[in-house]
Amino acid sequence: MSSGAMSEEEETYVLYRDREEWKDVEPVPQDDGPFPVVRIAYSDEFKDCYDYFRAVLKKNEMSRRAYDLTSDALKLNLANYTAWHFRRLLIDNLSLDLREELAFVSGIIEETPKNYQAWHHRQVIVEKLNDGSGELAFTAKILDIDAKNYHAWQHRQFVLRHFELWKGELEYVDRLLRYDLRNNSAWNERYYVVSSTTGYTDEDIIREVKYAMAMIHRAPNNESAWNYLQGVVNQRELKDFPTVKAECLQMLENSVRSPYLLSFLVDLLEDEAENGSAESLEKAKEFCRSLEVQDDTIRRNYWRYRAGHLATIQCSC
């Protein structure tokens, strides 16, 4: 909305107490008790609107004017979940146009894309419509603004799951990661999609390990890709990934120093040590020491703890 349009709206806005069609309603003022500690300096418009909102809420008035009142109430406070809830009751009771409501909440989300109550309202409306055909495009539009918007991702995952719209989602995630391989939200989405569709079959694991390693080679200090790789290999025994270990050791030989690389190797080597490899045990201790004093000093106490655990492992000579 342009500033000119806003000014015109402000000039023509009439308080509810001055509207002829609301003369039959007794406003209900906010009760802060006899001795409010810090009284909020509400605007006259805010107090007027919410005094009348409390009035229709109190008598559970199911009318078009009450519905229109919730629009004004939400413009003044988009986080008021009571106003959103009452609005949904009115929509159901009056059988109002759900497409118009979807357009209404779309405008609000586009202006305030991290408003939890608005996203929940959208989910309810989409469920009532039983139509998620426009939701992936809408969430993609919001994610173009902020690719890590938690609310948009949550809604997208609901739509994928509820309407079985999985086709093409891995390709969408791939585009996001090629644009920003540090987008941890996109990595999370990739894990969610694979877990929710095919599951981590042997074929999927091979593909996803290859994908993660390719991204790791591009940015060895990208924690998101390492976390994803860890999540994939955890679907099986760590000993089932000898090629991954060899590739990681080769990175070390090529002078790649990354705390995430060493951390991943510690996990692999610890697993081998618990299965009897004395050589792997010593190597894991060496990496823990390096992480403690050089590569990840901010977590030195953690790596000291991990080294202490390694010292309790009994290996065959």
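1. Asn60 is partly exposed, with a relative accessible area of 44%, where buried means under 20% relative accessible area, exposed over 50% and partly exposed in between, using a 1.4 Å probe and protein chains only. Asn60 sits in the loop between helix 2 (44-58) and helix 3 (64-76), helices being DSSP runs of H or I with at least four residues, numbered from the N terminus. Its phi is near 55 degrees, a positive value in a residue other than glycine.

2. On provenance, this is a predicted model in which local features need pLDDT of at least 70 and side-chain atom pairs count only at pLDDT 80 or more, while totals for chains, interfaces and linings use all residues. Residues are numbered from 1 along each chain as its sequence is written, and side-chain values use heavy atoms, with hydrogens and water left out.

3. Glu164, in the loop between helix 8 and helix 9, also has a phi near 55 degrees, positive in a residue other than glycine. At 57% relative accessibility, Glu164 counts as exposed.

4. Helix 8 (residues 150-163) has 14 residues that should span 20 Å at 1.5 Å a residue, and its end C-alpha atoms are 20 Å apart, which agrees; the expected span is 1.5 Å times one less than the number of residues. At the start of helix 8, a side-chain oxygen of Asn149 reaches to within 3.0 Å of the backbone nitrogen of His151.

5. Because 10 of its 14 residues are buried, helix 8 is largely enclosed by the rest of the structure. The buried residues, among them Trp153, Arg156 and Phe163, pack against helix 6 (116-129), helix 7 (135-145), helix 9 (169-179) and helix 10, contact meaning heavy atoms within 4.5 Å.

6. Arg190, in helix 10 (residues 184-196), is buried, with a relative accessible area of 5%. The side chains of Arg190 and Glu208 are joined by a polar contact of 2.6 Å, that is, a pair of N or O atoms within 3.5 Å, of which, within protein, one must be able to donate a hydrogen and the other to accept it, with residues adjacent in sequence counting only if both atoms are side-chain atoms. Leaving aside residues up to four places away in sequence, Arg190 touches several residues, including Leu170, Asp174, Tyr200 and Tyr228.

Methods. Helices (H or I, at least four residues) and strands (E, at least two) are DSSP runs, numbered from the N terminus.
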